[in-house]
Amino acid sequence: MSTQLIHRSNLVDQVYRSVRKRIIGRELTPGQQLKVEVLSRELGVSSSPIREAFRRLEHDRWVVMIPCRGAFV
């Protein structure tokens, strides 16, 4: 069970780094909405690690989460 937890944590880290890299590289621009479904498809992961990465990105001020609207760069 702890192996699964470590793997999940690594997956969230990978999603976090990928999205942050896209923001820094201006592939994702300020004000742009981040769609869970699109990133999930592009990165080949489920929506849960995407959402967890969004929370971390918000904490680090890379994105803004707006209730009922989603995540924005």
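This is a predicted model: local features need pLDDT of at least 70, side-chain atom pairs count only at pLDDT 80 or more; totals for chains, interfaces and linings use all residues.
In what order do the 3 strands of the open sheet stand? Select the 3 strands: the order is 1-3-2, and the pairing is antiparallel. Strand 1 (33-34) and strand 2 (64-66) are the edge strands; each has a single partner strand, so one side of each lacks a neighbour in the sheet.

Next, select strand 2 together with strand 3, residues 70-72. The two run antiparallel and are joined by 3 bridges. Within this pair, pick Ile66 and look across to Gly70 of strand 3, which stands opposite.

Then turn to the helices. Show helix 2 and helix 3, which pack with their axes 9 Å apart, at an angle of about 115°. Helix 2 passes helix 3 in a right-handed crossing. To display the contact, select Val36, Leu39, Ser40 and Leu43 on helix 2, and Ser47, Ile50, Arg51 and Phe54 on helix 3. Coloured by class, this contact shows 5 nonpolar, 2 polar and 1 charged residues.

Now select the largest nonpolar core, which has 17 residues. Val19, Leu34, Ile50 and Phe54 have the most contacts inside this core. At least two core residues come from each of helix 1 (2-24), helix 2 (36-43) and helix 3 (47-59). Helix 1 gives the most, with 5 residues.

Finish at Val19. What does Val19 contact, leaving aside its neighbours within four places in sequence? Select Leu28, Leu34, Leu39 and Leu57, with which Val19 is in contact.

Definitions and conventions
Residues are numbered from 1 along each chain as its sequence is written. Side-chain values use heavy atoms; hydrogens and water are left out. A nonpolar core is a set of buried Ala, Val, Leu, Ile, Met, Phe, Trp, Tyr and Cys residues joined through side-chain atoms within 4.5 Å. Buried means under 20% relative accessible area, exposed over 50%, partly exposed in between (1.4 Å probe, protein chains only). Helices (H or I, at least four residues) and strands (E, at least two) are DSSP runs, numbered from the N terminus. Contact means heavy atoms within 4.5 Å. Axes are lines fitted to C-alpha atoms, for helices over the stretch in contact, and angles run from 0 to 180 degrees between N-to-C directions. A crossing is left-handed if the near helix is turned anticlockwise from the far one by less than a right angle, and right-handed if clockwise. Ala, Val, Leu, Ile, Met, Phe, Trp, Tyr, Cys and Pro count as nonpolar, Asp, Glu, Lys and Arg as charged, and the others, Gly among them, as polar. Two strands pair if DSSP finds at least two bridges between them.
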